[in-house]
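Let's take a walk through this model together. Have the viewer open and follow along.

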Amino acid sequence: MAEVFELHLRRRDLGKLVAASLALSGLTACAERREKIFPYVRRPAGVVPGVATHYATSVVRDGFAVGVLAESHEGRPTKIEGNPEHPASLGAAGVFEQASVLDLYDPARVAGSRGPLGLTSRESLERELSAAFGRGAAPWLVLEPTSSPSLLRALAALRARFPRARVSFHAPLAADARYAATERLFGRPLEPQYRFERATVVLALGADFLHDMPLSLRHARDFATRRAPGPAMSRIYAAETTLTPTGTLADERIGLAPSELVRFAAAVLAELAKQGELATALPDGVKSALARGAPLGETEAAFARKVARELARARGAALVVAGPGTPESVQVLALLANAALGSVGRTLSFVEPVPSGQDGALPLAKLPDALRAGDVGALVFAGTNPVYSAPELALDELVARAQSSFCLAHVENETARACGSVLPEAHYLESWGDARAGDGTLSFVQPLIEPLRPSASALELVAGLAFGFPASTHEFVRDTERARLGLGPASADIGFDFEAEWERNVQRGFVEHSEFAAVNPTLAPERAVPLLEQALSAPSSASGFELHLACSPTLYDGRFSENAWLLELPHPLTKQSWGNAALVSSRTAAMLGRHTGDVVELTHGTRRLRAPLVILPGHADGSVTLELGFGHAVADQLSHGVGVNASVLGVPFGTVARVEVRPTSAKADLALTEDHWLLAEEAVAHELTLASYTQNPPKYEHDLAAQPSLLPSFEYAGTQWAMSIDLSLCSGCNACVVACQAENNTPVVGKDLVKNSREMYWLRIDRYLTGNPDAPRVLQQPMLCQHCEKAPCEYVCPVNATVHSTDGLNEMVYNRCIGTRFCSNNCPYKVRRFNWFDFSGARGATLLQRNPDVTVRERGVMEKCTYCVQRIRRAEILARREQRRLRPGEVVTACQQTCATGAIAFGSLDDESSEMLRRRREPRAFAAFAELGTRPRTRYLAKIRNLDGEETGS
Amino acid sequence: MTQSAREADSALTDQLVRTVWSGSVYFRIAFAVLGLGSAGFAALMLYTFQRGIGLWGNNIPVAWAFAIVNFVFWIGIGHAGTFISAILYLLEQRWRAAVNRFSEAMTLFAVAQALLFPVLHLGRPWFAYWLIPYPDRMQVWPQVKSPLPWDFAAVFTYGTVSLLFFYLGLLPDLASTRDSAPERWRRRIYGVFALGWRGSEDAWRHYRMAYLLLAGLATPLVLSVHSIVSSDFAVGLTPGWHSTIFPPFFVAGAIFSGFAMVLSLIIPARKAFHLENVITARHVDNCAKLLLVTGLCLEYGYAVEMFVAWYSGDEFELWQFFVTRPTGPNCWAFYVMMFANVLLPQLLWSRRLRTNLKLLWVISLVVNLGMWCERFVIIVMGLEREYLRADEAAFNPTWVDWGLLAGSVCFFLFLFLGFLRWLPVVALSEVKEGRRERERTLAQAEGARG
């Protein structure tokens, strides 16, 4: 103390000092925390900070590859796009491809290897696994179906090393019916290849061919080429149990219960058999078998006659497609119809089955008995979750009977919980691999990032078991490729540059012209007779409701259960988010005396399931659809308690079963983003028939011409951005919604906020059901910011936070926004989204997925579609640097890029060559709510339905 | 001045100022309850400020709900105060002297509530000052095509003028209170606020002129504030909002609700303070008549709104007025509004019912509720069902919404109770003046006769 006094401070000086120090220390404490950032000292080759690079890789599901391009920002994969050269993608990506990138950063991923005694190292677990394979009873390996040449090679080596090893392939949605059907008719299993670009009349039998088939993206591209209104427009008929995206685009559709579907297919074929020249194609045995079927209802029979007539008229350009979930009988009938129509070799061809290695594989159904008998040594599940998807096998209890059990899992799923040891599974963006696309094209899986945590792919695991750990999958895949090319050891390369070939292929993502050659099988139609007789004579008046299991359009078979984007994604038709439901028609619901949101109890044998009911107009009467993939049981995971697990009923996918449905008094808590089921008429989306469109084209455009406005006029010149969306091509599949979410860092808000209509999608798909409640017409309308020239949001903002750019964009200035939300009130399209809470804080690694080109929005500001302004500006900067004008089509929005049917076209109004401009000059182009005078830049093209003469009355 | 008149004056002063010195135990209880409610209000505001307005039930499309309903409700209530103090003053309606202090205080406290909500409802309330054209170094100004900066300016002006008007009118009475204060410290405090008022001839002359000028200034505000508030809706293109009738319709509704609130407050206060001799039955009856008249204006507004919706033939207008309001989500509010604002005021045609104070009080409370519901119907139901059928959603208020509404009522009553407790509740000088004038007229009449 004495020292202080010795300073001879005067009172005032002390006061100043105290005040200054308080102010300074206080203020510095308030400053934002400083963080240093470091530039690269030595820049890695190929990495330009701020410039994204794209690498070709493949997304593989159930053994089928889709070629994609993964976008990488400074080593972080952030977005998936389709690979334009890959035959299974043609530049498009579906919902699952788009969402797959989020799984890489999933906070719920298995964090580390876990042995029976707790956490362990990966190496020791691998050692233990190798040892377990060699000792005790026979090891059993359960894998996802695969087409990977490398994995098949590794499996062969594994079997050679451990001859007692048994292998099963399991995937809940693996459809063996088409292989069974082709085997029955052609003597061997075959993979049908559909050519929609050649098909003039298509009948889809329970086939969502635009959405859930291995080549769906390609189907959608091909389909779209024939859907421009005009004489070449194809005509699509759909007969399906539930309403699917394909059904929404069909010109005519009928809802049929699974048993009716068989009889309907038989009726179509029987009609075809009556037609002169077609009659000879079918043997009499088949014809008499067809006659056995119980008669269809009047509407159904008339529809079958009409479809048969149209198919026959388009002979040679007709196509009948049976969906992967339909039973063998329907597949056989479809094949026979195609044969009778002369489709084979034109619209339909066959190749070898893509997933292979089935020889010597045991069905999973044999595993429980082996386990009970104590015949299983090391039990390994790699990338499958049968405890969840096949509860009828009771594996959760039986796994413990194996001498040791291992699970290679992405997240701690039900199977991982049941197993003694868990190994983290590598994401496809972290691993090397190969697989074949739906047409057999050899595709490569190329990693973009070092594994975020020590993890292994199924290939690595099997190769390690076969050849010893650690296995280099990179080398292994290269060696497989060398073997395919018939090359020996590297030293023996003479006159062939393998490295160059390899690099070319990996860069491209696939091997050109490596698709399977079409085979020309001989048809033995008489072999169908016993099956048809049995299928068609089955009693149709059993009690209860027919159960129809379907692939979830958002979670697939449940493998995406921890993917927040997909959990929140509204179902394309029910618009249900965060859950699934028992879907029924309104008549069936009335029979049950229950309504949407009520809980019903389904009983199949001794198995029971309580599920919320959702009425889906257009669903077949007397049947219930349950979508797989929901209802996971692992506590404290995102998917816990979301929806119900349809597998619990013990009915395998693709089989027809009857269930009892009992109404209960319980209510379920559903998050439906649209709660209207049927509207009398819709003012915002238009629909026309082809006949009326060609004879009497509408005049929507003149609505816009002379709309008076109080707002000052502005001369828009030069590049002017605009969008045209063809409603004829939108199936509502949601790929654009997820693409937009990935591109624009749009947050997921959770079930409670979705229930209160607070979802944050910049692009959503509005679904309209109109017309007859039993056979409604469906309109899917992608709704995003319309970028109005006279934007009503702009003039009500008190702080100029939303303004117009000279190139016609309605811009949102986040850091000027104070959140009055007047703009949203004044937006007739309701496309503006508000940050009700701080949604910007992502969990852990999820931050790495964020697109650095797009601002993350803070609490309290409004946000909305920007027409992907970051892509526009990037292209402009590039053009300016190269001293040129923007090239036509240079700017592609995220939604446009991923859309498989090409429903969305974007470009500048001064670019005469653009598809966007061509479309908006069609007479069917209209602006949504044109009468409000908002002059939207986005145009919709009225949906055109190609009805046959009978319907249009012409 | 006669001796008797002077005595009567001082008796009146005693009676009216006594309330300031004698607090009862009921007062303390009421204070405690309302104070607690106000503290809860503050806590909820803080909670909202901290977490974001996601705590409320608002969503897309219903981006505006309780906060804006409450704002318009409170602003509307304020209008009767200014109407009574300014317009009736200019029209030389002497009876206003009995109730003007009440209504001015009510105005002030209602505007105080109203000012809180628009700020609180912002996504980023800390930037609320961007609505003001302050000298920004980047020269960014508010966007004047939007009604919101005007709204902010109008409400702020209104609040300021109301405060000045209230305070100016209070000056002579503050001096009276000072003069009759029992303790020195109270005298000091009232002395400070009385600004040295001595009641000199000069002071009175200047005071009268200032009061007249302020009354003139406040009069257009009665019409302008709610007109501008109504443009927050009328400018929008939402069906049910986009209507040229809104300014007069809103003003009528505002004065209607204001008179209802005046009655709701004055009837119990009159009883509690035994002011029957000052606020006479005739005064209450006049207020009730005005309630009926403004109610009729409002009902005319309803009728025109519906007629125009029908006459326009616009499907969205028809949908809003004839489907959404009677059958949509929260349609209870529509029926409460129709009952409280259309049917119930018709009872006031009867003089017998008008002078039944208990009934009148109940009517006034229900009308207040009805007017809150009217704003709810316009704002929330307008947004619940707009153009796009696919993106419709209902509004469900959360406990925070209800809490803030209840809290603002508590805070309003808390302030009002404070006013009753610490300020002369009736304009003493004006009442005296009125009495004197009446005596003089009587005397003159007698003189003329004699």
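How many bridges join E19(A) to strand E24 of chain A, and do they run parallel or antiparallel? Five bridges link E19(A) to E24 (residues 623-627), and the two strands run parallel; strands here are DSSP runs of at least two residues, helices (H or I) of at least four, numbered from the N terminus. Before going on, note that this is a predicted model, in which local features need pLDDT of at least 70 and side-chain atom pairs count only at pLDDT 80 or more, while totals for chains, interfaces and linings use all residues. Residues are numbered from 1 along each chain as its sequence is written, and chains are lettered from A and ligands numbered from 1 in the order in which they are written.

Two strands pair if DSSP finds at least two bridges between them. Six of the six residues of E19(A), residues 545-550, are buried (20 or more other C-beta atoms, placed from the backbone, within 10 Å of a residue's own).

Now turn to chain B, where helices H3 (residues 66-90) and H7 (residues 201-234) pack at about 155°, their axes 8 Å apart. Axes are lines fitted to C-alpha atoms over the stretch in contact, with angles from 0 to 180 degrees between N-to-C directions. The angle makes H3(B) roughly antiparallel to H7(B) (over 145 degrees).

Technical notes
Buried ≥ 20, exposed ≤ 12 C-beta atoms within 10 Å, placed from the backbone. Parallel < 35°, antiparallel > 145°, perpendicular 65-115°, else oblique.
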